[in-house]
Amino acid sequence: MDCTAHSIEYDVASNKFRPLTVQSNTWCSSGSVRPDGVLVQTGGDRDGALKARTFSPCDDNQCDWVEINNGLAKRRWYSSNHILPDGKQIVIGGRGQFNYEFFPKTTSPNVIALPVLAETSDKGEENNLYPYVFLNTDGRLFIFANNRAILLDYVKNTVVKTYPAIPGGDPRSYPSTGSAVLLPLKNLEADKIDAEVLVCGGAPKGSFILASRKRTFVKALDTCARIKINDENPQWMVEKMPRARVMGDMTLLPNGDVLLINGGSAGSAAWELGREPVFVADLYHPENSVNSRFESLNPNTIPRMYHSTAILLRDGRVLVGGSNPHAFYNFTGVLFPTELSLEAFSPAYLEPEFAKLRPKITSPKSMRNGLPLKDSRCACSKSQSTITYGMNLKVKFEVAGKVKGPVKVTMVFPSFTSHSFSMNQRLLVLDNVRVERTSSVFGALFGKSRNYEVQVRTPRSAIIAPPGYYMMFVVNQNIPSEGIWVRLQ
């Protein structure tokens, strides 16, 4: 209904973009990437609340959004999506919706009640929107809203486990917006795979009401809570962050660390309700002991408040953008102007001093739109970058400096990131079979990179790793390579 491009296709490598056409309101929608690489977006506001939309990447710049009328059975605004082992996605919650459904439609009932969403709705605040949803290693769904969580068997529609509330009882879901990640999954060949969820930041209960009605902006939460969701008696372990943060984003890095970025240190999510921008990014090292897991990084200069975002790029950087705490585009006369710029945050592993340790994957070749990227050095086939479950995969790479074990191979599923939550974000550490050097030592004496081959075992089932496109990385001494796209099927 206007001349503004509300959607673009952005080419990171060339820093160019192409406007796309969105016919309905996508505000506060949700989505995920299908196993065939098609982006699916569901819901939104007003005329977009019942819509589903698909976008298929192409090389001829002719592709655009396709809108599906009544793609949803219920109006979904502030809901969360997760890709399932069969390639469908589940759509959970949303404003006034204490239920879930599937997309595309299945033979199961169109809408299934989920009482925990009603139980976690705070009067006048909600604090249960954009619930945190993760596919557990047993095929069930960990669903977190407000300050507590359940484990849902969505096939039988049965709650198989109820987790204790986070100590302190403060909410962590929109509008008391914290963030959450499923920490890297390891030992994938084990009979029982450990899975840990980390929830960080948020706002104390009542913050939204105080900010919206009394213009009182309460200090945000400065704690993280971590829980092993497959334990017999799971309990939250709480630790302090370096600073308070509401509306922050958490992004899994290829080496398994977690980046915390964006947000404010007071107030609440929603229009005009956040204060005191947090400029400093923090790194969380999951493998370190308590009280030594956080590392403060270089700050940015642009406030990234409500409607900001962050997402991992294939080259290891994190794309950061957005911030629009207003009903419209407001560039002047407001506390935090609408921000249309993009930034790239470069983690320390991209510093020049680590260049010799940084691997370069030579095989398989990265895929794009289902086909390998062109490379004059070899005639690659599509099958080279398509991997299957439970296979021994040989990954070849080059390193100029020393290789010290264990070399890790990680796979990262692409996320749909909105309102401080990266839906479907998942990092797998593949089981390492063997690493061997394939080039002679004489080449290294003349300044050439050494060639190596690592054999790893791919995930054994779609329950552990849903089918689709993954960014694959080789990590040497905590320094990751650039990623390649592979397709797991």
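User: Which backbone nitrogen does the Glu101 side chain reach at 2.7 Å?
Analyst: That of Ala73. The Glu101 side chain also reaches the backbone nitrogen of Lys74, at 3.1 Å. Both are polar contacts, meaning a pair of N or O atoms within 3.5 Å; within protein, one must be able to donate a hydrogen and the other to accept it, and residues adjacent in sequence count only if both atoms are side-chain atoms.

User: What should I know about the model and the numbering?
Analyst: This is a predicted model, where local features need pLDDT of at least 70 and side-chain atom pairs count only at pLDDT 80 or more, while totals for chains, interfaces and linings use all residues. Residues are numbered from 1 along each chain as its sequence is written, and side-chain values use heavy atoms, with hydrogens and water left out.

User: Where does Glu101 sit? Buried or exposed?
Analyst: Glu101 is in strand β9, residues 99-103. Strands (E, at least two residues) and helices (H or I, at least four) are DSSP runs, numbered from the N terminus. Glu101 has 0% relative accessibility and therefore counts as buried. The cut-offs are under 20% relative accessible area for buried and over 50% for exposed, with partly exposed in between (1.4 Å probe, protein chains only).

User: Which side chain makes a polar contact with the side chain of Glu101?
Analyst: The side chain of Arg76, at 3.0 Å. Arg76 lies in the loop between β6 (66-68) and β7 (80-83). Arg76 is buried because its relative accessibility is 0%.

User: What else does Arg76 touch?
Analyst: Not counting residues up to four places away in sequence, Arg76 touches a list that includes Gly43, Gly44, Ala49, Gln97, Tyr100 and Val111. Touching, or contact, means heavy atoms within 4.5 Å. With the same exclusion, Glu101 touches Leu72, Gln89, Ile90 and Asn110, among others.

User: Changing topic. How many disulfides are there in the whole structure?
Analyst: Two. A disulfide here is a pair of cysteine sulfur atoms within 2.5 Å. One joins Cys58 and Cys63, with the sulfur atoms 2.1 Å apart. The other joins Cys200 and Cys224, also with the sulfur atoms 2.1 Å apart.

User: Which parts of the chain does the Cys200 and Cys224 pair link?
Analyst: Distant ones: Cys200 is in strand β16 (residues 196-200) and Cys224 in strand β17 (residues 223-228), 24 residues apart. Counting bonded cysteines along the chain, the pattern of the protein is 1-2, 3-4.

User: Left-handed or right-handed, for Cys58 and Cys63?
Analyst: Left-handed, because the torsion about the S-S bond is about -85 degrees. The link of Cys200 and Cys224 is right-handed, with 110 degrees about the S-S bond.

User: Are the cysteines of the Cys58 end buried or exposed?
Analyst: Cys58 is buried, with a relative accessible area of 17%, and Cys63 counts as buried at 12%. Cys200 is buried at 4%, and Cys224 at 0%.

User: Now the core. Which residues have the most contacts inside the largest nonpolar core?
Analyst: Phe142 and Met472, in a core of 65 residues. A nonpolar core is a set of buried Ala, Val, Leu, Ile, Met, Phe, Trp, Tyr and Cys residues joined through side-chain atoms within 4.5 Å. The largest share of this core, four residues, comes from strand β32 (residues 392-399). A second, separate core has 29 residues, including Leu259 and Leu312.

User: What is Phe142 in contact with?
Analyst: Leaving aside neighbours within four places in sequence, the contacts of Phe142 include Tyr132, Phe134, Ile150, Leu151, Val197 and Trp236.

User: In what order do the strands β11, β12, β13 and β14 form an open sheet?
Analyst: The order is β11-β12-β13-β14, with antiparallel pairing. Two strands pair if DSSP finds at least two bridges between them. The edge strands, each pairing on one side only, are β11 (132-135) and β14 (158-162). Strand β12 (residues 141-145) and strand β13 (residues 148-153) pair over five bridges, and Phe144 stands opposite Ala149 in β13.

User: Last one. Why is strand β26 largely enclosed by the rest of the structure?
Analyst: Because five of the five residues of β26 (residues 318-322) are buried. Strand β25 (residues 308-312) is joined to β26 by five bridges and runs antiparallel to it. Strand β27 (residues 342-345) pairs with β26 over four bridges, again antiparallel. Gly321 of β26 is the bridge partner of Thr309 and also of Leu342 in β27.
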